[in-house]
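Please open the structure in your viewer and keep the selection panel at hand.

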There are 2 protein chains.
Amino acid sequence: MVDERLPQPDAEDIELVKVMHALGDPVRIRLLGVYADGGEHSCAPEAVGLGHLHKSTVSHHMRVMREAGITTTRVAGRNRYVRLRRDELDARFPGLLDALLKSLP
Amino acid sequence: MVDERLPQPDAEDIELVKVMHALGDPVRIRLLGVYADGGEHSCAPEAVGLGHLHKSTVSHHMRVMREAGITTTRVAGRNRYVRLRRDELDARFPGLLDALLKSLP
């Protein structure tokens with residue numbers, strides 16, 4: 001069986017204002033820093049340095065990022081793996097992600 | 001008498017997450033496009049293409065942008081003029097404003 005992906009906007013439907021809104025939060029901008037390496041990351045709060053937050057809170061933040069088009073989530077059995085949609089974001093908003101990652105606190 | 005400025009954060013206190021939050025709104029991202037020319041703009045809603053919104057609504061959006069450090073507001077008598085803090089934003093977040101302005105819808 002092929003791995004599934006959680007719902008996400010097509011690349012051409014990613015909107016700048018939704019990306020900005022998604023990143024206008026301290027937890028989500030921190031997650032951007034975690035995902036900056038381009039690799040897949042477990043959804044477990046402690047795996048992304050957010051062990052002090054409730055799992056449902058972290059899930060909410062991850063959903064906002066996915067629905068804004070920043071990340072993609074692969075479902076493999078009972079596990080979910082998140083990564084940045086680097087190529088698609090670079091194509092849609094040239095230079096934006098680079099500038100953001102360089103500006104992270 | 002010297003013109004006054006409304007309260008704004010010092011350049012070194014501008015925070016990425018607050019800039020993102022300020023731009024995570026359709027009206028404010030539109031205002032960014034208006035201010036992109038670097039010039040001073042009247043606060044009147046119709047002067048910035050927002051004649052369909054109430055003056056207090058437009059004022060609120062302008063305040064959010066100013067308090068985030070995106071714009072500066074000069075007070076001259078009964079008039080107020082807004083412009084982008086281009087140089088300060090470029091120094092603090094290199095490349096970010098350019099990428100944002102190129103990505104505007």
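In which sense do strand β1 (residues 4-5) of chain B and β3(B) pair, and over how many bridges? They pair in the antiparallel sense, over 2 bridges. Two strands are taken to pair if DSSP finds at least two bridges between them; helices (H or I, at least four residues) and strands (E, at least two) are DSSP runs, numbered from the N terminus.

Before continuing, note that this is a predicted model, in which local features need pLDDT of at least 70, side-chain atom pairs count only at pLDDT 80 or more, and totals for chains, interfaces and linings use all residues. Residues are numbered from 1 along each chain as its sequence is written, chains are lettered from A and ligands numbered from 1 in the order in which they are written, and side-chain values use heavy atoms, with hydrogens and water left out.

**Strand β3 of chain B**

Select V75(B) in β3(B): E4(B) stands opposite this residue, and V75(B) also stands opposite R80(B) in β4(B). Strand β4 (residues 79-84) of chain B pairs with β3(B) over 6 bridges, again in the antiparallel sense. The two strands form a hairpin with 2 residues between them, and G77(B) in the turn has a positive phi of about 65°. Of the 6 residues of β3(B), 5 are buried, so the strand is largely enclosed by the rest of the structure; buried means under 20% relative accessible area, exposed over 50%, and partly exposed in between (1.4 Å probe, protein chains only).

Next select T72(B), which lies in strand β3 (residues 71-76) of chain B. T72(B) counts as buried, at 3% relative accessibility. Its side chain is joined to that of Q8(B) by a polar contact of 2.6 Å. A polar contact is a pair of N or O atoms within 3.5 Å; within protein, one must be able to donate a hydrogen and the other to accept it, and residues adjacent in sequence count only if both atoms are side-chain atoms.

**The sheet of chain A**

Move to chain A, where 4 strands form an open, antiparallel sheet in the order β1-β3-β4-β2. Its edge strands, each pairing on one side only, are β1 (4-5) and β2 (41-42). Select H41(A) to find its bridge partner in β4(A), V82(A).

Select R86(A) with D90(A) and D98(A), which are joined into one network by salt bridges that share partners. A salt bridge is a side-chain nitrogen of Lys or Arg within 4 Å of a carboxyl oxygen of Asp or Glu. The closest N and O atoms are 3.4 Å apart for D90(A) and R86(A), and 2.4 Å apart for D98(A) and R86(A). D98(A) lies in helix α5 of chain A and R86(A) in helix α4 of chain A, so this pair ties together parts that are 12 residues apart in sequence.

**The interface**

Finally, display both chains: 17 residues of chain A are in contact (heavy atoms within 4.5 Å) with 17 residues of chain B. The chains bury about 1,400 Å² between them, 77% of it on carbon and sulfur atoms. Buried area is the accessible area (1.4 Å probe) that two parts lose on being put together, summed over both. Select L16(A), M20(A) and S103(A), which supply 34% of the area that chain A buries against chain B, more than any other three residues. Across this interface the rule finds 0 salt bridges.
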